[in-house]
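These are my notebook entries on a single protein chain. I wished to record what I looked up, entry by entry, in a form that I can check again later.

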Amino acid sequence: MIKRRTVLKGAVGTAATSVFLGDPAARAAQASHGGRIDREALVARHAIERTSSDPELPLQVGNGNLAFGADITGLQTFLPFATMAQWGWHEDALPEGKKVEDYKGTPWDTHGRQVSYWTDQAGQPELYDWLRGNPHKINLARIGLSLRTAAGREATEADLTDRHQRLDLWTGTLHSRFTFDGAPVTVETTCHPTLDAIAVRVDSPLVQAGRLTVYVDFPYATAKGQGKFSAPFVGIWDRPDAHVTELSVQGPSRARITHRMDATTYHTALTWNREGGELRRGDGGVHRYTLTGTRGPHLELTCLFTPEDARAVAPPPSAVAKVSSAWWPAFWRSGGAVDLSGSADPRWEDLERRIVRSQYSLAVNESGQYPPQESGLVNNGWYGKFHLEMVVWHSAHLALWNRWPLLERSLDVYRDLLPSSLERARQQGFRGARWPKMTGPEGRESPGLQNGLLLWQQPHPIFFAELDYRAHPNRATLHKWRDIVFATADFLASFAFLDPASGRYIVGPPAIPANENSDPLVTKNPIVETSYWRFGLRVAGIWRRRLGLAPEKEWQDVLARLAPLPVQGGEYVLYEGVENMWTEHATDHPDPIAPYAMLPGDGVDVPTMRATAQQVYRSWPVDDLYAWDFPLLAMNAARLGDPGRAVDFLLHPKFGFTEQGLPASGRSGVPSPYFPSAGGLLYAVALMCAGWDGGADRHAPGFPAEGWRVRWEGLSRAI
């Protein structure tokens, strides 16, 4: 099962800067605050260096649509890290005799109506498991070195000495060097910015001696027997009979390998240096192909992965390295930049490092044709499916950092999923479009209690539409989003239930809030969703005025009579009527402060929110937070006028980043990396630098005036 759109928006050739600076919002956002920033110096001081592999996390090169994870050799020699593409999907066979349409979900009482939600096994455990695990992402191939001692023994990482690896963020180039059996080896690894191609250059006398070769190996893919947190590796390597690879030699230095797994087929075009050797398949029906070179000390190889074009030719490795070294500087010179090097606070370097490395890792993993899953293209957490629940945390930072060409690549998903979302709402008896939580490119919702009853992803398209209009305030933007905004608002209004006893519109039950730790049958007017409902209906009404349309009376009525945000004892709480809020429900995401963080505070009373924040600081166990909760808390503190605390949250010891610059998940059983926290960090930093609607009118209002010298440029104000 291969899914790919025909065009990647923002694709570039040699004129790399046109991708970014050709966008009006990017051009308008180049003003500096605090002096022009030397961007190359800023990025260069945070290059990543290491001397050994991490057994669970790689260093990566990639282009947002394809990412390649490497061990200390610059390839996947000792650890089978993934080569993953946004378009690479596979499905296991359905349980015998079953069809997708057989799954009916479970009826839930919804204000006197029985509504079927995909929440549990419903007596169909095999089909339930299949729907959760399919489709799933695949590992396209493993590319590694085969190193043999003079005695013929295969090397281990412990055999390598003088190991040093450096990821040059400015050019997107991974440089690796080591000594093996007394001989030096250097490896350069790059990724083409617009083609799904990985290029490798190896230099060593071991090449000519025949003791160093490069291999390309293809695994099988399956979700059977794997959980949704499958990590760190992707693929099944011991089932060669379950899939097929076919080699077609196309010339003295070109070949194609076609890989078939059930209904999934894709192609790998290979190009290597002419003085290189020969591409051979391993014995015994395995799917490993080895490139040897005996005519010199250099071995170069490009692997171009494509789901459709069997005639595609891989560019030479030197061309891939050249265009990468043009694209990445253009990326870094585009949009936003933040320089903290003049700060007296000694923590400036750690925060700046997190900001720079997060931009790189998110561009590599999360700027492709579909929204990302929580672990990006590193591993197969959540089966590789993306969560429309978390998409604002992954991607909305690109709007404030004015990198719209990258963001727009994936925003088409709302247009693609609109028909199925309209149908989902219709089947449940609502108007408008109900967006799924966990899904793949086919738009089918994955069953599960949270998946079926979670709500806070519903207004997200309106949030993105408003960010887009603020950057591009024209009729084209209005018409691009019109149907999506209106269908979303129709659902928000339709889902709200008019309580005849109080005359108020209420949200839920059944409902699971963003916090996910409450009984869906009693969760009424959860605080995040109630505020977000207000935002969505308010902004949708503004869009009607911008389009010259009359107000939508139902939206207006629901907005005017929507229940207030739930308050107990002068503090906001998780949902209306919750008992023992601060002793039993102070766990997981701190929802009571969330409406005044990334969200702008629709329905919020600021003094009540300030009291709530103080209660959260006293009561919420830090060890129970997800990593993205720290940017959430930082944005809330900034809006409340507490910039010192905002910075403290972004540097909190529990808000961790790995040696590779990747955000740690912070939760037991949830694989790292956990990219919503990196996206949240960048959104929070932009808000703290450029400000927000109604915020303090001063330079960098989210940073303390003492101890911090914040220079920034190219950022936009938050909503």
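Entry: I began with Cys-689, which is buried at a relative accessible area of 1%; buried means under 20% relative accessible area, exposed means over 50%, and partly exposed lies in between (1.4 Å probe, protein chains only). I then counted disulfides, taking one as a pair of cysteine sulfur atoms within 2.5 Å. The structure holds zero disulfides. For Cys-191, which is in no disulfide, the nearest cysteine sulfur belongs to Cys-303 and is 11 Å away. Cys-191 is also buried, with a relative accessible area of 2%.

**Entry: the model itself.** I noted that this is a predicted model, in which local features need pLDDT of at least 70 and side-chain atom pairs count only at pLDDT 80 or more, while totals for chains, interfaces and linings use all residues. Residues are numbered from 1 along each chain as its sequence is written, and side-chain values use heavy atoms, with hydrogens and water left out. The pLDDT is the predictor's confidence in each residue, from 0 to 100. Its mean over the protein chain is 93, and 95% of the residues reach 70 or more. Over residues 4–18, pLDDT stays under 50.

Entry: I traced an open sheet of nine strands in the order β2-β11-β12-β13-β14-β22-β19-β18-β17, with antiparallel pairing. At its edges stand β2 (48–50) and β17 (244–251); each has a single partner strand, so one side of each is left without a neighbour in the sheet. On average, neighbouring strands of this sheet are turned by 15° against each other, direction ignored. Helices (H or I, at least four residues) and strands (E, at least two) are DSSP runs, numbered from the N terminus, and two strands pair if DSSP finds at least two bridges between them.

How many bridges join β12 to β13? I found seven between β12 (residues 173–180) and β13 (residues 183–191), which run antiparallel. The bridge partner of His-175 in β13 is Glu-188. Helix α6 (residues 317–333) lies across β13, β14 (197–203), β19 (264–272) and β22 (298–306), at about 60° to β13. For such angles, axes are lines fitted to C-alpha atoms, for helices over the stretch in contact, and angles run from 0 to 180 degrees between N-to-C directions.

**Entry: a covered helix.** I examined helix α18 (residues 629–639), which is mostly covered, with eleven of its eleven residues buried. Among them are Asp-629, Asn-636 and Arg-639. The cover over these buried residues includes α8 (391–395), α17, α19 (643–650) and α20 (676–690). After α18 comes Gly-641, with a positive phi near 80°.

**Entry: two buried residues.** Leu-599 is found in the loop between α16 (581–584) and α17 (606–619), and Leu-599 is buried at 10% relative accessible area. Not counting residues up to four places away in sequence, Leu-599 touches Phe-463, Val-528, Tyr-532, Ala-594 and Arg-639; contact means heavy atoms within 4.5 Å. Thr-213, in strand β15 (residues 212–217), also counts as buried, at 10% relative accessibility. Its contacts beyond four places in sequence include Gly-144, Thr-290 and Leu-299.

**Entry: salt bridges.** I counted 39 salt bridges in the structure, each a side-chain nitrogen of Lys or Arg within 4 Å of a carboxyl oxygen of Asp or Glu. Side chains of opposite charge can pair when their charged atoms come close.

Glu-352 forms a salt bridge with Arg-45, with the closest N and O atoms 2.6 Å apart. Glu-352 lies in helix α7 (residues 348–365) and Arg-45 in the loop between α3 (39–44) and β2, so the pair ties together parts that are 307 residues apart in sequence. Is Glu-352 buried or exposed? Glu-352 is buried, at 0% relative accessible area, whereas Arg-45 counts as partly exposed at 32%. Arg-45, Asp-339, Glu-352 and Arg-711 are linked in a network of salt bridges.

Glu-300 and Arg-201 meet in another salt bridge (2.2 Å, N to O). This pair links distant parts of the chain, with Glu-300 in strand β22 and Arg-201 in strand β14, 99 residues apart.
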